[in-house]
2 protein chains.
Amino acid sequence: MSTSPFVAALVDELGGRCRVVTDGDLLTSYRQDMATVVPGGMPAAAVLPRTTADVATALRLASSYGVPVVPRGAGTSLAGGASAVDGCLVLSTEAMNAIRSLDPLDRVAVVEAGVVNAHLDRAAAEHGLMYAPDPSSFEISTIGGNVATNAGGLRCVKYGVTRQSVLGLEVVLADGRVVETGAATTKNVAGYDLTGLLVGSEGTLGVITAATVRLHRRPVVPPATIVAAFGSLEAAGAAVAQIVAAGPDVLLMELLDGTTLRSIDTWKRMGLSGIEAMLVVQVDGRLPDDAALVATLCTAAGAVDEPAVSDDPAEADELLAIRRLAYPAAERLGQCLVEDVGVPVSRLPEMIRRVEAAAARHGVTVLTVAHAGDGNLHPTFVFDHGATGIPDPVAAAADEVFAAALELGGTITGEHGVGILKRDWLERQVGPDAMALQRAVKAAFDPLGLMNPGKVLA
Amino acid sequence: MSTSPFVAALVDELGGRCRVVTDGDLLTSYRQDMATVVPGGMPAAAVLPRTTADVATALRLASSYGVPVVPRGAGTSLAGGASAVDGCLVLSTEAMNAIRSLDPLDRVAVVEAGVVNAHLDRAAAEHGLMYAPDPSSFEISTIGGNVATNAGGLRCVKYGVTRQSVLGLEVVLADGRVVETGAATTKNVAGYDLTGLLVGSEGTLGVITAATVRLHRRPVVPPATIVAAFGSLEAAGAAVAQIVAAGPDVLLMELLDGTTLRSIDTWKRMGLSGIEAMLVVQVDGRLPDDAALVATLCTAAGAVDEPAVSDDPAEADELLAIRRLAYPAAERLGQCLVEDVGVPVSRLPEMIRRVEAAAARHGVTVLTVAHAGDGNLHPTFVFDHGATGIPDPVAAAADEVFAAALELGGTITGEHGVGILKRDWLERQVGPDAMALQRAVKAAFDPLGLMNPGKVLA
């Protein structure tokens, strides 16, 4: 394969400064992210800049040669957000992994895009602080990717999503200009909120190279954990609605459906037979009345046994272990399409019924877990490992799930992003006029359309 | 004065549906907002639409006649954000004051732009809920204006600013198209965050006609209130930094400087002599240890007496009364320019010193109150009622205050917005490249530049 003038220029300008990948075999690993159903194109090169200046150089070159750029963090997208296109430059931020500063007094950190979420959280923990947003991928995904997708997580029922933790950004625009947005203050209304606009823009407006983030106090008193089992999803959904309406200080509220529980039980033999739904709730440990309230509401909604309540961290870890097994248990069954719809919390039971009906109608297997306190569901469709692309019945069932979410006043994606997989659905959610605004915003940032082409906007 | 073809068309299409003001005397009241130092131009007409369709009609007409539009809520801007320009159409949302829905289960309300903040909060209170953002103008300012300026307030140290309470918007674009953004869910990553972009856009991107907002549980247990007096601002500033670092569950943390306290004492004789700073803190009443912690930290930082601590609502109101007197006390002294800088909390004492030094250097009177928990200061410059415009020494002192805020890593405006008054400072904060992006975003929404011209962007 002959080297293109762009790749030659890239190697020439950056080869001595950072890693530039041009070998075809090595490039293969940059084609896909964790949305394995999206095949991904073949990149012309991949670059792993060490500095913001390196990123600026790479983007300036790509822009001048008209080469599309696909930014990439750890590649954990479940929507194809980091899927490569043929002939593109994959720009991975993984080598930009410095925590530039961490100010315990103001509870603000400035971190480079390649810092792994859990690494930042552990650095904060040394000062009694925490980085609140905790997507399930927190041990491997990066802050840059988290910011680019406005990642959610388990704790965001209390602390909000990634956008609520980002105060400012360092961004390299498509033409190589470096822009800083926001301020290190919690209040700032100087001009349009470019920070918030870039959060969740999925690499289509520029490359996020660093973020100024808020940290929260790490709770000193361990949370109280409540686990309740139910004989029906309806009963568990009713419990969720009652708890949300009663308003205890919930840190985490996760719901697992019967299919998920059975797949875990088949694997780990945890004695979960006969349980059709499980609710795992954590509340602020300083408020024992809130823990008692949650348990009482679960019982009133029809929990099959007395809910387990514990304020012991080791016991809490055991209780949470079932939740952590949900994805691995699904993956044992086959290839997974992890969906990500959101509805108002009161519509959660209805939404779960719709998911089950859609799966039954098309004869496909679905396991649902939900960040129930946020009304955010992950119906996970399972199909043969051998399949390439999404099998038609799965696509048809997923389509019905999206339609149901919108009908119930919700969203087609609560935390994974649009990527490639939801692209054709975006306009159905936001309508043609908002789509036109989205395109105009895209053009304002990236007039040549080179940044992560084909993501978010078709 | 002869009627212009635009005004004639406006009266023709909307005169039978809603109030259209064309009388010169009556129009005078639509020239200015509460930034009285900004004179404001003479509108060609004012319209008070009753429905979103009326707004769309008005904007379509303005667009086709090339008439600039100045949207207006209650006109409480302190930055000239609602100041009229000659020949414009003032579009007041005050007649759109319906709460379209309030769902206590999902804690979501859909409210029209003209709903007064306090009215929404009281409607929420009937269900044990509250609308958290509480700018000082909450009894008179409207949700539309609050959203357009991303208003802050006292409670936002715990609950965040207006942007954190807005889930979705109904907006009429410059050409009359009606767009809905966001969703009724707490998580939503479907496309760019147009909702967040419109919040704080000060009427320059479109007219916000309705907002879908989150409500919070209204605390059942009354907060604990702590009031501490200090012999120096430095001591009070140190107390603030210590409290923020220790991390109790603070609902409100307000700081008053000596000049403010003396102006209140001269008026109300409250025995405040010798006090150079006062701190008023409220914490969650369910956590008495947090209240004790705040009192202890105030004493350790040098409070002159034992801090007053109360969990009695009537007593708390008395303790808070001093804070509420701060603005009226300043207004008794003369015409006010209320500034609005923000810094990281640890820089608060330094920032207050800089404000005092700037005022002393230019021989002007300044009273400072601060939402201390957010690092948001309101240095209020007082000058003769007779003055037209901002006197030079005040302008020079304010200029130094802005420069100091930026030097300390802060912002020129924490919650009031850029409006007209901070327009020339915006680029100094955000830099030329971010300014170019702001202009491109503006052009994407409002290609003819008719929406609230001269605000935010010069």
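Visitor: Which residue does B:L169 stand opposite in β9(B)?

Guide: In this predicted model, B:L169 faces B:T181 of β9(B). Strand β8 (residues 166-172) and strand β9 (residues 178-182) of chain B run antiparallel and are joined by five bridges.

Visitor: What is found between β8(B) and β9(B) in their hairpin?

Guide: Five residues lie between the two strands, and in this hairpin B:G176 adopts a positive phi near 100°.

Visitor: In which order do the strands of the open sheet of chain B lie?

Guide: The order of its four strands is β1-β2-β4-β3, and the pairing is mixed. At the edges are β1 (19-21) and β3 (69-72) of chain B, each of which pairs on one side only. On average, neighbouring strands of this sheet are turned by 20° against each other, direction ignored.

Visitor: Do β2 and β4 of chain B run parallel or antiparallel?

Guide: Strand β2 (residues 45-48) and strand β4 (residues 89-92) of chain B run parallel, with three bridges between them. Within this pair, B:A46 has B:V90 of β4(B) as its bridge partner.

Visitor: Which strands does helix α3 of chain B lie across?

Guide: Helix α3 (residues 52-65) lies across β2, β3 and β4 of chain B, and runs at about 165° to β4(B).

Visitor: What rotation superposes chain A on chain B?

Guide: In general, two copies of a chain are related by a rotation about an axis and a shift along it. Here the rotation is 180°, with 0.0 Å of shift along its axis, and the RMSD is 0.0 Å. That is the relation of a two-fold axis. The same surface serves both copies, since 100% of the contact residues of chain A recur in chain B.

Note on methods: Residues numbered from 1 in each chain as written. Chains lettered and ligands numbered in written order. Predicted model: local features only at pLDDT ≥ 70, side-chain atom pairs only at ≥ 80, totals over all residues. Heavy atoms only, no water. Least-squares fit on C-alpha atoms with pLDDT ≥ 70 in both. Contact = heavy atoms within 4.5 Å. Pairing = 2+ DSSP bridges. Axes fitted to C-alpha atoms, helices over the stretch in contact; angles between N-to-C directions.
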